[in-house]
Every structure is written in C-alpha cells, then in structure tokens.
Amino acid sequence: MAEHAVSSRAALRILGTRAGVYPVKIIVTLFVAPILGTTNYGIYTFLILPGAVLLPLLLFGLSPAIRFYVSKGDWSAADVGFPAFLIGFVHGLLTSAATYGLWKLGWLGETGRSITFETLAPVLYVLPLQGAGLTMNTVMIGAS
C-alpha cells in the first residue's frame, strides 16, 4: 500500500512539472508565429519535425524508462544525468544523419525539395542538442 502512495505522489509531481512546462511552450509558439509570418512558420514547422518525430522514435521508449526509474527512486538523477545526455546526443546525431540522408535522396516531398542546404544545415546542427535536451528533460521530470 505504501508503494502505491509513493507512485501516486511521483505521478502527481511529474504532472505538476509538465503543467508548468507546457504553458511555456505554448507562449513561445504564440510569440514565434507572428514574427515568422505564415510562410516562414510553415517552413519552421517542417524543419522541427525531425526533432519532434524522429528523435522520440529512435529512442525506443528510453525516455519514459528514464522518467519512471528516476521518479520511482531506483536511479538518482545525478547518476543517470550524464549518460542520458550522451545517449540523447548520439541519438540526435543519428537523427541528423537520417534527416540529411532523406533530404539528399529527395524523400521529404515537395517541401523538402524546396529547402536548400543552407536552410537545412542549422536544423542538422541542432538535432544532437535536441536529443540531449529530450533525454535531460525526462531526467528533470523524473526527478521532480
């Protein structure tokens, strides 16, 4: 019974952390959209898809596992923080390579064909940091 109470409190803390993070994301989106305009916001959205879709797919459930074990107390955030950062960074590199390969082969559709490498390059450079940020975010949420 006590373990159930600990799990419930951990779930409520995670919910509270997420409730604080998501409004910030929404506010940022509300500020970015008018600055970029309709066309550029569409391109921006297309370019952030690799980080939003491919990264979580390549992690194969690692993020929820990290969050679960850290929130349960089996792992400490200090012990898994650096390995999680490295794993996320490597997954970001793989996602960057996959995105570049798909773009180079022309498999990203009409929008992908219209994007120049100069436009795509910043996305490719940022993906490893997005991967590291994704895993570090799960450690933070698990430790909350």
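At what angle do helix α3 and helix α5 pack, and how far apart are their axes? Before I answer, please keep in mind that this is a predicted model, in which local features need pLDDT of at least 70, side-chain atom pairs count only at pLDDT 80 or more, and totals for chains, interfaces and linings use all residues. Residues are numbered from 1 along each chain as its sequence is written, and side-chain values use heavy atoms, with hydrogens and water left out.

Helix α3, residues 77–105, packs against helix α5, residues 117–143, at an angle of about 155°, and their axes are 7 Å apart; the helices themselves are DSSP runs of H or I with at least four residues, numbered from the N terminus. The two are therefore roughly antiparallel to each other, a term used for angles over 145 degrees. By class, their contact has 18 nonpolar, eight polar and no charged residues, where Asp, Glu, Lys and Arg count as charged.

Let me turn to helix α2, residues 62–72, in which Ser63, Ile66, Arg67, Val70 and Ser71 are buried, meaning under 20% relative accessible area with a 1.4 Å probe and protein chains only. Seen down the axis of α2, these buried residues fall within an arc of 115°, so they line one face of the helix.

Just after α2, Gly73 takes a positive phi of about 95°, and Asp74 is found in the loop between α2 and α3. Asp74 is partly exposed, with a relative accessible area of 45%, the class between 20% and 50%. Finally, the C-alpha atoms of Asp74 and Tyr100, which are 26 residues apart along the chain, are separated by 38 Å.

Methods. Axes are lines fitted to C-alpha atoms, for helices over the stretch in contact, and angles run from 0 to 180 degrees between N-to-C directions. Angles under 35 degrees count as roughly parallel, over 145 as roughly antiparallel, 65 to 115 as roughly perpendicular and the rest as oblique. The arc is that of the directions from the helix axis to the C-beta atoms.
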